[in-house]
Amino acid sequence: VVAAEDFDWEALTAAAAEASRHAYAPYSHFAVGAAATADDGRVLTGCNVENAAYGVGLCAECGLVSQLHLTGGGKLTHFVCVNGEGEVIMPCGRCRQLLHENGGPGLLLLTVSGVKRMDEVLPDAFGPDDLD
Ligand code: THU
């Protein structure tokens, strides 16, 4: 695992921006791209995919988490998501829960206010430990 200060957030943000270009967002016109690294160094990406039944729309993080499992599993270590302008945005509440499940409390996120840990953006989270 790369030390926090050495991590290439610029490259991960570029991967998220590239993913946002594949977004299917004909209803909100709000493209989102997400990118993360897994603990083996793999890079996962996702884009939002909306639906005529609005509530069925998938956030970019859903595709990313599915790709994590499809390509070998493991744990997320670093995450960023961006809008269609390539600007960093915050993951929605539901997606923070998805990220917590798949990255744990120590997952690092590049946020609108700098690099933060998962347990700063979703404090006192309900998680896998609660079901032990
Ligand atoms: N969206 C994401 O893909 N991820 C987030 O974390 C925030 C919201 C998408 C969902 C919807 O397609 C659009 O952004 C507007 O809410």
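M118 counts as buried, because its relative accessibility is 0%; buried here means under 20% relative accessible area, exposed means over 50%, and partly exposed lies in between, with a 1.4 Å probe and protein chains only. The model is a predicted one, in which local features need pLDDT of at least 70 and side-chain atom pairs count only at pLDDT 80 or more, whereas totals for chains, interfaces and linings use all residues. Residues are numbered from 1 along each chain as its sequence is written, and side-chain values use heavy atoms, with hydrogens and water left out.

M118 is found in helix 4; helices (H or I, at least four residues) and strands (E, at least two) are DSSP runs, numbered from the N terminus. Leaving aside neighbours within four places in sequence, M118 is in contact with R96, L99, H100, G104, P105, L107 and L109, where contact means heavy atoms within 4.5 Å. The C-alpha atoms of M118 and G106 are separated by 5.7 Å, and these two residues are 12 residues apart along the chain.

## The nonpolar cores

M118 also belongs to the largest nonpolar core, which has 19 residues. A nonpolar core is a set of buried Ala, Val, Leu, Ile, Met, Phe, Trp, Tyr and Cys residues joined through side-chain atoms within 4.5 Å. The residues with the most contacts inside this core are L64, L76, F79, L99, L107, L109 and M118. Two or more residues are given to the core by each of strand 1 (32-38), helix 2 (60-70), strand 3 (76-83) and helix 4 (118-121).

Another core, of 10 residues, lies apart from the largest one; L12, A16, V80 and V82 are among its members. V80 and V82 are also touched by T13, as are G86 and L110, not counting residues up to four places away in sequence. T13 lies in helix 1 and counts as buried because its relative accessibility is 16%.

## Helix 2 and the cysteines

Helix 2 has A60, E61, C62, L64, V65 and L68 as buried residues. The cover over the buried residues of helix 2 includes strand 1, strand 2 (43-47), strand 3 and helix 3 (93-103). After helix 2 comes G72, whose phi is positive, near 130 degrees.

A disulfide is a covalent bond between the sulfur atoms of two cysteines. By the criterion used here, a pair of cysteine sulfur atoms within 2.5 Å, the structure holds zero disulfides. C62 is in no disulfide, and the nearest cysteine sulfur, that of C95, is 5.0 Å away. C62 counts as buried because its relative accessibility is 18%. C81 is likewise in no disulfide; the nearest cysteine sulfur to C81 is that of C95, 7.9 Å away. With a relative accessible area of 1%, C81 is buried.

## H78 in strand 3

H78 lies in strand 3. This histidine is buried, with a relative accessible area of 4%. The side chain of H78 makes a polar contact with the side chain of T77, at 2.8 Å. A polar contact is a pair of N or O atoms within 3.5 Å; within protein, one must be able to donate a hydrogen and the other to accept it, and residues adjacent in sequence count only if both atoms are side-chain atoms.

## The ligand site

The residues around the ligand are S28, F30, V32, N48, E50, C59, A60, E61, M90, P91 and C92; a residue is included if one of its heavy atoms lies within 4 Å of the molecule. Of these residues, A60 and E61 are also buried residues of helix 2.

Oxygen atoms of the ligand lie 2.9 Å from an N or O atom in the side chain of N48 and 2.5 Å from an N or O atom in the side chain of E50. A ligand oxygen is also 2.9 Å from a polar backbone atom of C92. Taken alone the ligand exposes 370 Å², of which the protein buries 76%; these accessible areas come from the Shrake-Rupley method with a 1.4 Å probe, and for residues only the protein chains shown count as cover.

## Positive phi outside glycine

H29 lies in the loop between helix 1 (9-20) and strand 1. Phi of H29 is near 55 degrees, a positive value in a residue other than glycine. H29 counts as exposed because its relative accessibility is 67%.

D124 is found in the segment after helix 4. Although D124 is not a glycine, it has a positive phi of about 50 degrees. D124 is exposed, with a relative accessible area of 81%.
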